[in-house]
2 protein chains.
Amino acid sequence: MKFEVTILGCSSATPVFNRNPSAQLLNCNEKYYLIDCGEGTQQQLTKYNLKAARIDYIFISHLHGDHYFGLIGLLSSLHLNGRTKPMQIFGPTPLLEILEIQFKYSDTVLRYPIEFFPIEANESQQIFENSDLIIKTIVLNHRIPTTGFIFQQKQRQRKLIKDKTEEIPMAYYSALKKGIDVELPNGDILRSEEYTTPADPPRCYAYCSDTLYDESYFPVIKGCDTLYHEATFMHDLLDRAIETHHTTALQAGEVAKINGVKKLLIGHFSSRYKTLQMLLEETQSVFENTELAVEGRTFHL
Amino acid sequence: MKFEVTILGCSSATPVFNRNPSAQLLNCNEKYYLIDCGEGTQQQLTKYNLKAARIDYIFISHLHGDHYFGLIGLLSSLHLNGRTKPMQIFGPTPLLEILEIQFKYSDTVLRYPIEFFPIEANESQQIFENSDLIIKTIVLNHRIPTTGFIFQQKQRQRKLIKDKTEEIPMAYYSALKKGIDVELPNGDILRSEEYTTPADPPRCYAYCSDTLYDESYFPVIKGCDTLYHEATFMHDLLDRAIETHHTTALQAGEVAKINGVKKLLIGHFSSRYKTLQMLLEETQSVFENTELAVEGRTFHL
């Protein structure tokens with residue numbers, strides 16, 4: 001099952017050096033989940049050949065503009081392009097007011113319904129579930145209410161071994177995939193273990209932006225396969241990071257290491273850094289399996 | 001005196017084919033005036049090496065998103081980049097409410113003052129004057145209250161002829177430039193016409209987007225040097241243009257011809273047109289001196 005994320009923006013605060021503000025597109029089993037939506041996200045989707053029309057779920061971490069100023073434009077374009085299916089949006093309560101006031105004054109009545117789910121940033125909670133995923137919030141520590149998101153795949157069924165099962169009636173597949181042995185009318189037993197292989201272990205992606213380094217959210221992300229974590233500054237600017245409630249590249253590595261994740265992606269880079277290699281190296285000095293979450297890169301999770 | 005406009009966006013409604021929503025930067029005597037501000041305008045300014053920090057005046061024609069969704073991001077970036085000088089914004093009354101609600105929920109207190117001038121779209125009025133320009137609104141006919149803008153240079157003073165005036169005391173320059181003859185202490189007369197040449201005639205730029213073809217705004221733009229006019233559709237889609245309160249390429253040419261402008265720029269092209277040559281040709285069939293107002297082009301006005 002496909003489970004990958006494409007980076008649409010990795011800049012903090014302002015777009016600069018061809019880096020756009022925060023946005024990521026998660027593809028889970030060919031369903032599109034948009035995570036944050038900085039200005040220009042719809043242009044970025046076009047640039048990377050990702051169809052905005054396929055997005056059905058949008059998650060906004062907080063109401064600093066670099067994380068949501070592109071949302072109203074994206075929603076408007078979908079309307080103008082004839083969308084009729086609902087859009088589910090998860091974000092801070094005032095986000096709906098911000099959207100509605102702009103639709104009101106442009107005299108826009110959307111052709112599709114927005115289903116808005118307000119997020120409270122006081123405790124981690126499950127906000128979404130479908131056949132593929134459970135999504136929970138991560139309560140972060142920023143200047144305004146902010147949550148990250150954790151995308152947890154569900155346990156999949158065992159996989160049929162094609163060569164062995166092609167002569168078995170399809171009616172038995174479901175039980176075998178669930179790990180149940182089947183007794184045939186003639187008394188023979190089909191053992192699930194013999195006709196199936198174990199399912200891929202369910203994977204997990206955690207998105208943490210923006211936040212002060214703060215152990216309070218560690219329990220929620222512990223053991224996750226891939227962690228995206230903001231790394232706005234180099235560690236020599238720790239004071240500035242603390243003042244603005246952000247994390248340093250070194251600290252991002254520590255978060256990954258302490259919480260035993262397998263892979264770390266860093267992003268949300270300050271406009272003071274024209275190139276990013278030194279941020280990467282600083283993080284890798286603590287946690288080696290780190291990559292830069294820069295525009296256009298797709299990571300298999 | 002420099003008087004030129006750089007096109008930052010020429011797309012209607014949605015960004016597509018690398019065309020961005022409406023925005024133009026007017027440079028008059030090295031002062032920057034931004035006209036409309038679709039999503040991604042700040043990125044476009046960067047792309048064309050135009051310093052956003054130099055913009056002191058912003059004019060928003062109406063509250064359809066393709067004309068203003070980039071404003072909140074631009075203003076936020078200026079704040080984050082340390083701006084302290086005021087920004088004057090001219091636009092529909094609710095625009096201020098839309099901006100303020102977003103600053104409120106992001107807990108942003110701008111480091112610079114916004115001086116907001118609400119525009120009423122019921123009659124043409126002067127909204128701005130400085131030593132270079134007078135700016136008036138053009139009441140357009142769109143689905144929501146909409147005004148264009150007319151940028152009228154002031155009459156400049158006559159120009160000194162360097163070779164002839166270098167031996168004349170500077171104290172007399174001012175009178176000569178104003179066309180006044182000067183009597184010297186010895187009774188000699190310095191004739192302004194002899195020491196100066198006429199000033200360049202003041203020029204005029206009119207910006208009309210979005211609007212139905214409607215003769216009611218013709219008196220305001222009559223005789224203007226350069227007219228920017230929307231040309232959303234080809235004329236075979238006249239019904240669609242009327243329904244959506246837009247103008248066809250043919251009609252844009254007629255507006256230019258009837259009103260005796262010298263040059264026409266067309267823009268605000270529908271996303272149904274992947275290439276624009278046929279729109280240009282349709283307009284030129286009526287008004288030959290027409291150009292496509294596409295991204296990155298600068299027109300001397």
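Tutor: A:Cys28 has 0% relative accessibility, so A:Cys28 counts as buried, where buried means under 20% relative accessible area, exposed over 50% and partly exposed in between, with a 1.4 Å probe and protein chains only. A:Cys208 is in no disulfide either, and the nearest cysteine sulfur, that of A:Cys224, is 8.7 Å away. A:Cys208 also counts as buried, because its relative accessibility is 0%.

Some ground rules come next. This is a predicted model, in which local features need pLDDT of at least 70 and side-chain atom pairs count only at pLDDT 80 or more, while totals for chains, interfaces and linings use all residues. Residues are numbered from 1 along each chain as its sequence is written, chains are lettered from A and ligands numbered from 1 in the order in which they are written, and side-chain values use heavy atoms, with hydrogens and water left out.

Now the bonded cysteines. A disulfide is a covalent bond between the sulfur atoms of two cysteines. Over all chains, the structure holds 2 disulfides. In chain A, the sulfur atoms of A:Cys204 and A:Cys224 are 2.2 Å apart and form a disulfide. The link of A:Cys204 and A:Cys224 is left-handed, with -95° about the S-S bond. A:Cys204 lies in strand 14 (residues 204–208) of chain A and A:Cys224 in the loop between helix 7 and strand 15 of chain A, so the pair ties together parts that are 20 residues apart in sequence. Helices (H or I, at least four residues) and strands (E, at least two) are DSSP runs, numbered from the N terminus. A:Cys204 and A:Cys224 are both buried.

In chain B, B:Cys204 and B:Cys224 form a disulfide, with 2.2 Å between their sulfur atoms. The B:Cys204 and B:Cys224 link is left-handed, at -95° about the S-S bond. B:Cys204 is in strand 14 (residues 204–208) of chain B, and B:Cys224 is in the loop between helix 7 (218–221) and strand 15 (226–230) of chain B, so this pair ties together parts that are 20 residues apart in sequence. Both B:Cys204 and B:Cys224 are buried.

Methods
Disulfide = S-S within 2.5 Å.
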